[in-house]
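User: Please go through the helix packing, an aromatic pair and the annotated domain of this structure.

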Amino acid sequence: MRRPSRTHYGLAAASMIGALLVWTAWPGHRADAMAETADTLDHWRADERAQLESMRLPANAGVKVDPSNRVATSAQAAQLGKRLFSDPRFSRNGAIACASCHAPDRQFEDGRPLAIGVGVGVRRTMPVVGTTDAPWLFWDGRKDSLWSQAIGPIEDHNEHGGTRLRAAHVLAEHYRDAYEPLFGPLPDLSALPRDGGPLGTDAEKAVWQGLDERTRTDVSRVFANLGKAIAAYEATLRYGPSRFDTYVDGVRTGDPVKLAALTPTEKAGLRLFMNKGQCMTCHTGPMLSDRQFHNIGVPPRSGTAADTGRAAAVDKVLHDEFNCMGPFSDAKPEQCEELQFISTDDPQMLGAFKTPSLRNVALRPPYMHAGQFASLDAVMRHYADAPAAAIGHSELKRIALSDDEQRQLAALLGAFSGPVVER
């Protein structure tokens, strides 16, 4: 772990900066003492300034193009996808839409420890904002594209509980005029049952198996296109600048107004975040996430078995018919590098989950993959204690974070909040 240099403390006025930083971060000192030395908190080394700049949201961030989805940047597809996102007719009970769990007025989450659709899920809902550059989707990464992720819940028995045939019928009945200019003519569904698919009830599976291979392929392609339209809409959702981004711009320009965007407590938390707290090991880049998987010893929910996380998902994504190299992808095989070079035998993936973005994190409790922690304070205590993992091996090493330091880190996380913007 890195700290400001302690060499030659007290020998010159400039060296007092480091001493004051250490003194003000020490447990027991009052917030007003920090305020008296707030100007010293804005002095950053050249390497730290570079790190800060790497975490700032770029002013004109482009949308990463998904080669597996040819309509990923289509405005018409996004308009269709937005309508589909809020349509509950794809669900078994006609009451669950994507927006039911990814509510626009709740940070595109639902605020629950576990997702609730037609049943109760086993994990927490993840936000769909700012996910266009994520190589893996869901907590365990069992999907490798935004469009493939979008259709997963429609067939899940705890989420929408729908079927592929139902999805195709709804599109044909209500969205033909918007669908066909994007994807071509819909197949003739007039003689096909309302419900059927490779998942679902035994009767629905039997219906699916009773269809000829060409029909199954045609319906599955319509199902994939449903996901591609929804993904085009989700790609328009991004996080706007936060107070943290304003502060980093102030560090770059020296603007005192922008430097005041963070409080002294938050600035102290930022130093901990970048140094002693070792948070940047996983929370990096503009989205404050490395998009990878880590076991950090989060306990299972009370009364439940430990979740194997990423370890069980690798085989799922490799054999998913809707993955980047599958028959419904628009990508060339050489464009699917993440899938081609996926690690299949990494023991560190047991009990590992994807690093969530810290953008707007303070606005969407509870936390972790199954909502195990109700508050950011509880999250900070977990990192400070670094308990052993219930399954696999935790990467966390115990760091002696005082109560004050934990509060400073939690305060900083609030400064990562900004608006959700639809492009």
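Predicted model: local features only at pLDDT ≥ 70, side-chain atom pairs only at ≥ 80, totals over all residues.

User: Which class describes how helix 6 and helix 10 lie to each other?

Analyst: Helix 6 spans residues 146–155 and helix 10 spans residues 213–234. Their axes are 7 Å apart and the packing angle is about 120°. Helix 6 and helix 10 are therefore oblique.

User: What is the handedness of the crossing where helix 6 passes helix 10?

Analyst: Residues of helix 6 that meet helix 10 include Trp147, Ile151 and Ile154, and among their partners in helix 10 are Phe223, Leu226 and Ile230. By class, this contact has 10 nonpolar, 2 polar and 3 charged residues. The crossing of helix 6 past helix 10 is right-handed.

User: Are the rings of Phe85 and Phe108 stacked, edge-to-face or tilted?

Analyst: The structure holds 8 aromatic pairs. In one of them, Phe85 and Phe108 have ring centres 6.2 Å apart and planes at 55°. Planes under 30 degrees apart would count as stacked and those over 60 as edge-to-face, so the pair of Phe85 and Phe108 is tilted.

User: How many residues apart are Phe85 and Phe108?

Analyst: Phe85 belongs to helix 4 (residues 75–85), while Phe108 sits in the loop between helix 5 (98–101) and helix 6. The pair links distant parts of the chain, at a separation of 23 residues.

User: How far apart are the end C-alpha atoms of residues 264–417?

Analyst: An unreviewed UniProt entry annotates residues 264–417 as "domain: Cytochrome c". This span is 30% helix and 3% strand. Its end C-alpha atoms lie apart by 17 Å.

Notes
Residues numbered from 1 in each chain as written. Heavy atoms only, no water. UniProt positions renumbered as here; feature names shortened; annotations may be inferred. Helix = DSSP H or I, 4+ residues; strand = E, 2+ residues; numbered from the N terminus. Axes fitted to C-alpha atoms, helices over the stretch in contact; angles between N-to-C directions. Parallel < 35°, antiparallel > 145°, perpendicular 65-115°, else oblique. Left-handed = near helix turned anticlockwise from the far one by under 90°. Contact = heavy atoms within 4.5 Å. Nonpolar A, V, L, I, M, F, W, Y, C, P; charged D, E, K, R; others polar. Phe/Tyr/Trp six-rings, centres within 6.5 Å; stacked < 30°, edge-to-face > 60°.
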